[in-house]
Amino acid sequence: PRPAPQPAAAADEWLSQLPTSKPTYPSRPAPQPVQHNPYAAPQPWQGGAAPRNAGPQQRSSALYTINGVFFLIWGVLMLLGGGFRFVGLIMFLFDGNIPEGAMPGLVGAVIGMLLGLIAGVILCLGGYAMVTQSNLSNARAGAIVATIPCFGCLIMPFGIWSLVLLSSDQAKRDFAS
């Protein structure tokens with residue numbers, strides 16, 4: 001019988017069977033000139049001569065005007081609706097035929113009318129501020145009211161768009177000038 005190889009001798013035998021030459025790697029290709037990618041994100045300015053458009057840019061006032069006009073239209077419609085509800089409530093009260101148990105519904109109608117009138121005023125002020133770019137706080141308040149669905153789902157996308165526009169630092173610069 002053959003004696004069992006020693007562990008160190010077995011490792012030496014296995015290592016002696018491995019190739020001893022170093023692997024060769026392909027050489028690196030020569031660097032190619034960097035070409036401008038028109039779809040790449042703009043890189044930050046890193047000194048040297050100032051680029052032509054280095055100053056703060058103003059957004060197109062049309063972005064604010066479009067939303068402001070919709071706010072004004074919706075606010076006027078809300079004020080007209082609130083006025084008609086007010087006239088209807090006055091006529092109902094002076095009719096004298098108030099049924100029993102109608103008071104909670106009447107109180108709810110008055111509160112709803114007042115909230116609609118307040119929202120209409122805020123939307124009109126916010127729309128005017130956006131059209132004239134005069135008061136950022138009023139414009140933001142109008143945008144917030146426009147995002148509340150119970151004041152109208154048709155105006156809500158314009159409210160969200162306005163909140164995005166008015167929440168940027170660019171809006172602060174646009175409304176300051």
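## Aromatic pairs

Rings of Phe, Tyr and Trp (for Trp, its six-membered ring) form a pair if their centres lie within 6.5 Å; planes under 30 degrees apart count as stacked, over 60 as edge-to-face and the rest as tilted. By this rule, the count in this structure comes to three aromatic pairs. One of them joins F70 and F158, which are stacked, at 4.1 Å centre to centre and with 20 degrees between the planes. This pair links distant parts of the chain, as F70 lies in helix α2 and F158 in helix α5 (residues 156–166), 88 residues apart. Helices (H or I, at least four residues) and strands (E, at least two) are DSSP runs, numbered from the N terminus.

## Basis of the model

The model is predicted: local features need pLDDT of at least 70, side-chain atom pairs count only at pLDDT 80 or more, and totals for chains, interfaces and linings use all residues. Residues are numbered from 1 along each chain as its sequence is written, and side-chain values use heavy atoms, with hydrogens and water left out.

## The aromatic cluster

F158 also pairs with W161; this pair is tilted, at 6.4 Å centre to centre and with 40 degrees between the planes. F158 and W161 are separated by about one helical turn because they are three residues apart in helix α5. Together, F70, F158 and W161 form one aromatic cluster.

F70 is partly exposed, at 35% relative accessibility; F158 is partly exposed at 21%, and W161 is partly exposed at 32%.

## A buried asparagine

N67 is located in helix α2. At 0% relative accessibility, N67 counts as buried. Leaving aside residues up to four places away in sequence, N67 touches M130, F158, W161, S162 and L165, where contact means heavy atoms within 4.5 Å.

## A nonpolar surface patch

On the surface, F86, V87, I90, M91, F92, L93, F94 and I98 form a nonpolar patch, with about 770 Å² of accessible area together. Accessible areas come from the Shrake-Rupley method with a 1.4 Å probe; for residues, only the protein chains shown count as cover. Patches are made of residues with over 30% relative accessible area and no salt bridge; like charges are joined within 9 Å, and nonpolar side chains (Val, Leu, Ile, Met, Phe, Trp, Tyr) within 5 Å. A salt bridge is a side-chain nitrogen of Lys or Arg within 4 Å of a carboxyl oxygen of Asp or Glu.

F92 is partly exposed, with a relative accessible area of 33%.

Technical notes:
Buried < 20%, exposed > 50% of the residue type's maximum accessible area, 1.4 Å probe, protein only.
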